[in-house]
Amino acid sequence: MPIDTGQQWVLAGRESELGAAGAALRQGGGVLLTGGSGVGRTRLLAAVLEEAAAAGRTVVTVGGVGGRRGSGGVRAFGSVAECLRWLRQSGGGQRMVLGCDDAHLLDEADAHRVYRTAAAGQLAVAATVRQDARHPVGVDRLWVEQLVERVEVAPFDRTATAAVLRARLGGRLDAGSLERLWSATQGNALVLRELVEHALDVGSLRREREVWSWSGLAGDPPRRLADVLLLWLRDLSAREEELVGMLAVAEPLEADAVARRGLASAAEALSRRGVVRVEQTGRRVRLRLALPLAGRTVVSRMPALTARRLRLQAAEAIEDGERTGPDEVLRTVTLRVAAGLVPERRLLLEAARTAVRRQEFARAEQLCRLVTECLR
């Protein structure tokens, strides 16, 4: 049976970041944990604050982290103003640590108050910020003036993912299953946790003798995982939502073709945010969703008419690309068929031959059936 049924197992791949953050606090400074959505910044901050409290530091928190007062020395507040008022009344001290989750959400006034208090030596700051977000000036001044050490919290690589899964399962995962899990989650800690817990619940992740294996995700992502993925896609502009939809039904797409449809700015914004991944091979630049499971979730919740429109737009975008070989024909034909259209027989036959060559026999059979219907 798994040995860690809590959620601390996701810290197994964070020894380096945890060590760097703890060292910064022990040396009398602060730490700013920065990274994208779902990489585990909040959980890492909680662990850092727990270590500081265990070492005898007085820890005060805002932003939700450390809300449970189970650790001695941790005191949670609902606002920066309340926290700093208590600090003034208590007299402060160099051993006090202010923990703040999502410090990029602080308003300018609160961020400036935190900066001034830290600059006066009355506390050390341990905070998280989202990498792609605009930060208040006070938060930026913390690291510009070296009052905090910046520690990047990146997605897990394959090695860290293996360590995390070993901590959760109490045993080794076979190489193929590890690659499937990493490819599905791209090392995003939150998505990995949700997928692993779901796989354990349904039995697709199971132990055979001493080795664990995962057979993959059958069907669409379950509701909780889908909701997590949609949170990753929240606050999109209309053009960003359009591009996400096109990639969901037909990734990868050529960057130039996306630009010709007026979506270049959306692509750049989504790339900065980590939603879109850019792949370059020679002169060819293609775009994909950074999390493959996000595309499946978007398609599963997409209205039928929207899906039809986006498939047709994606087919046109592929045809506009520099390459129009057999693989591109198969993709455009598949998209048009999924949109309810029947391409001409010549294209159906060419696409069917390509599907056979790629050993996609179910798709080849579907296309051949359409050819037969065209002859009636």
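**Helix α1, face by face**

Analyst: Glu-15, Ser-16 and Arg-26 are exposed, and they sit on the face turned away from the buried side of α1. Exposed means over 50% relative accessible area, buried means under 20%, and partly exposed lies in between (1.4 Å probe, protein chains only). Helices here are DSSP runs of H or I with at least four residues, strands are runs of E with at least two, and both are numbered from the N terminus.

A word on the source. This is a predicted model, with local features needing pLDDT of at least 70 and side-chain atom pairs counting only at pLDDT 80 or more, while totals for chains, interfaces and linings use all residues. Residues are numbered from 1 along each chain as its sequence is written, and side-chain values use heavy atoms, leaving out hydrogens and water.

Now the length. Helix α1 covers residues 15-26, which is 12 residues.

Glu-17, Leu-18, Ala-21, Gly-22, Ala-24 and Leu-25 are the buried residues of α1. Seen down the helix axis, these buried residues fall within an arc of 155°, so they line one face of α1. The arc is taken from the directions between the helix axis and the C-beta atoms.

What does that face pack against? The partners of the buried residues are β1 (30-35), α2 (41-54), β4 (96-100), β5 (124-130) and β6 (148-152). Contact means heavy atoms within 4.5 Å.

Gly-19 lies in α1. Gly-19 counts as partly exposed because its relative accessibility is 36%.

Then the helix ends. Just after α1, Gly-28 takes a positive phi of about 95°.

Finally, the setting. The protein chain has 17 helices and 12 strands. Its C-alpha trace spans about 90 × 55 × 35 Å along the principal axes. Of its 376 residues, 47% are buried. Among contacts with a separation of 6 or more, 71% join residues 24 or more positions apart.

Technical notes:
The expected span of a helix is 1.5 Å times one less than its number of residues.
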